Structures are given as C-alpha cells and as structure tokens.
Amino acid sequence: VEGTSGHMDTDDRVSTGIRVLDQMLDGGLPEQRTMLLTGGPGTGKSTIAMEFLQDGLESGDECLFVSTEQTPDELRDGFSPFDFDLDHPDLNISTLHGALRETREGQELVIRTLEGNQPIDDKNVPFTGQNVQKYLQKKEAGDYDRVVLDSVSGLEPVHENREAYRRSVLDLIRLFSDDFGATTIFTAEYSGDQHDEGAETVGGPD
C-alpha cells in the first residue's frame with residue numbers, strides 16, 4: 001500500500017477494517033488522502049477495498065464504490081463469502097468503462113456503464129480522462145467519507161502515454177479528496193517484481 005497524494009497534513013487515521021493492517025499502518029489510512037493498492041489478479045485487492053468501505057458503513061460513513069471491471073451483480077457474487085452489505089443505504093455503487101463505437105472516421109472510445117442501462121449509455125461521450133472526471137463529479141456529487149476506485153488500471157487505455165494517464169489519475173485524486181472530502185483507495189493491477197518508480201507508475205507491468 002503506497003501513498004500517492006493528498007491535500008491535508010494530518011495525523012488522523014481511518015481504519016481499513018482489518019485490525020492487523022491497521023497496526024501495520026499506525027492506525028489506518030491517513031484521513032482525506034488517497035492510497036494505491038497494487039497486486040496481481042486474485043490477490044485480494046477488491047476484498048481489502050470493500051472491507052475498508054464496510055468498516056465505514058458500520059461507522060456511519062457515506063461510501064462510494066466505483067468499478068471499472070465488475071457489475072454490481074458480479075461484485076455481489078465475488079463478495080458472497082464475506083459479510084459485506086452491498087445494499088446498504090449509505091453505499092453507492094457505480095460502474096464505468098470505455099466501449100468502442102463505430103464512427104465515420106473509424107472507432108472511438110465512449111463512456112459506458114458495465115450494466116448498460118444508465119442514461120450515459122444512450123449518449124456518446126468520449127472516454128477521456130476529463131470526461132470521466134466530469135461524469136463522476138456530476139453523477140456522484142455529494143459528501144463521501146470513503147471512496148474506492150477498483151481498478152484505476154481500467155482507465156489506462158484512454159491515454160496516449162503514461163504521463164497523460166498519471167495526470168488523469170491525479171485529477172481523480174483531487175476530485176475524491178478535495179471535492180468529495182473522502183479517504184480513498186485506488187486499486188491497480190501490478191505483475192512486476194518490484195516498484196522501481198513507486199506509486200508514480202500507477203500500477204502496470206513496468
């Protein structure tokens with residue numbers, strides 16, 4: 001778990017919901033900061049992230065889970081062995097991804113939900129970092145205490161290079177930390193042997 005950014009200089013901590021992990025992190029995650037949780041497929045990133053949200057729900061926090069890989073039904077199936085309340089009134093689950101659309105000029109990526117039954121699915125909003133931020137800002141506007149984005153790797157294909165991708169991720173960090181006022185976990189796929197550049201790589205095999 002690596003810190004990526006944040007706007008507060010604070011010693012306040014937010015529990016991860018996992019006692020041993022809280023002990024390792026001196027009490028939990030820094031409040032209103034964003035943490036990057038990386039690992040290979042099946043290593044438990046989504047489960048740790050949902051444990052963090054469940055702890056918030058039990059503490060009366062408003063929580064948001066943004067998935068770029070699984071529908072709400074798939075999340076329910078995947079989390080079925082755990083006592084997670086995905087129907088809690090203080091938990092909002094949103095999904096998004098980039099879908100290919102045929103145009104006169106060729107193909108373009110547009111924003112779609114994974115369920116395919118939301119208003120954005122009937123529009124052709126280009127899947128850009130700026131539009132993703134605007135979509136989340138408009139759709140999820142409100143005060144959240146905890147946010148999970150699972151996985152930020154799902155946003156990488158829209159960017160022409162690593163620096164553009166990293167800037168877009170930092171914009172989302174500012175959205176969740178500054179505008180929403182939330183403590184946030186981003187997950188990302190990582191299959192390399194070591195983090196040569198730390199969290200700045202925002203996941204990925206290199």
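Let me start with a term: buried means under 20% relative accessible area, exposed means over 50%, and partly exposed is in between, with a 1.4 Å probe and protein chains only. Arg76, for example, counts as partly exposed, at 32% relative accessibility.

Now the ground rules. This is a predicted model, where local features need pLDDT of at least 70, side-chain atom pairs count only at pLDDT 80 or more, and totals for chains, interfaces and linings use all residues. Residues are numbered from 1 along each chain as its sequence is written, and side-chain values use heavy atoms, with hydrogens and water left out.

Confidence next. pLDDT is the predictor's confidence in each residue, from 0 to 100. The protein's mean pLDDT is 85. Of its residues, 86% reach 70 or more. One stretch to watch is residues 1-10, where pLDDT stays under 50. The model has 30 contacts beyond four places in sequence for that stretch, a contact being heavy atoms within 4.5 Å. Where pLDDT is low, the predicted coordinates should not be read in detail.

Here is the overall layout. The protein has 206 residues, and 47% of them count as buried. Its secondary structure comes to 5 helices and 10 strands. Helices (H or I, at least four residues) and strands (E, at least two) are DSSP runs, numbered from the N terminus. Take the contacts with a separation of 6 or more: 67% of them are between residues 24 or more positions apart.

On to the helix pair. How are two packed helices described? By the angle between their axes and the distance between the axes. Helix H4 covers residues 129-139, and helix H5 covers residues 162-179. They pack at an angle of about 15 degrees, with their axes 9 Å apart. Axes here are lines fitted to C-alpha atoms, for helices over the stretch in contact, and angles run from 0 to 180 degrees between N-to-C directions. H4 and H5 are therefore roughly parallel to each other. The cut-offs are: under 35 degrees roughly parallel, over 145 roughly antiparallel, 65 to 115 roughly perpendicular, and the rest oblique.

Which residues of H4 and H5 meet? From H4, they are Gly129, Gln133, Leu136 and Gln137. From H5, they are Ser168, Asp171, Leu172, Leu175, Phe176 and Asp179.

Stay with H4 for a moment. Its buried residues are Gly129, Asn131, Val132, Gln133, Tyr135 and Leu136. What covers them includes strand E5 (63-67), E6, E8 and H5.

Now salt bridges. A salt bridge is a side-chain nitrogen of Lys or Arg within 4 Å of a carboxyl oxygen of Asp or Glu. The structure holds 7 of them.

One joins Arg146 to Asp55, with the closest N and O atoms 3.0 Å apart. Arg146 lies in strand E9 (residues 146-150) and Asp55 in helix H2 (residues 45-58), so the pair ties together parts that are 91 residues apart in sequence.

Another joins Asp87 to Arg76, the closest N and O atoms being 2.6 Å apart. Asp87 lies in the loop between helix H3 (72-78) and strand E6 (91-95), and Arg76 lies in H3, so this pair ties together parts 11 residues apart in sequence. Asp87 counts as exposed, at 58% relative accessibility.

The next pair is Arg101 and Glu108, with closest N and O atoms 2.7 Å apart. Arg101 is partly exposed, at 28%. Glu108 is partly exposed as well, at 25%.

A look at Glu115. Where does Glu115 sit? In the loop between strand E8 (106-112) and H4. Leaving aside neighbours within four places in sequence, Glu115 is in contact with Thr71, Pro72 and Thr95. Glu115 counts as partly exposed, at 32% relative accessibility.

Last, some backbone details. A cis peptide bond joins Asp150 and Ser151, with omega about 10 degrees. Ser151 lies in the loop between E9 and H5. Asp26 is not a glycine, yet has a positive phi of about 60 degrees. Asp26 lies in the loop between helix H1 (19-24) and strand E3 (29-30), and counts as exposed, at 66% relative accessibility. Gln32 also has a positive phi, about 55 degrees, although not a glycine. The place of Gln32 is in the loop between E3 and strand E4 (33-39).
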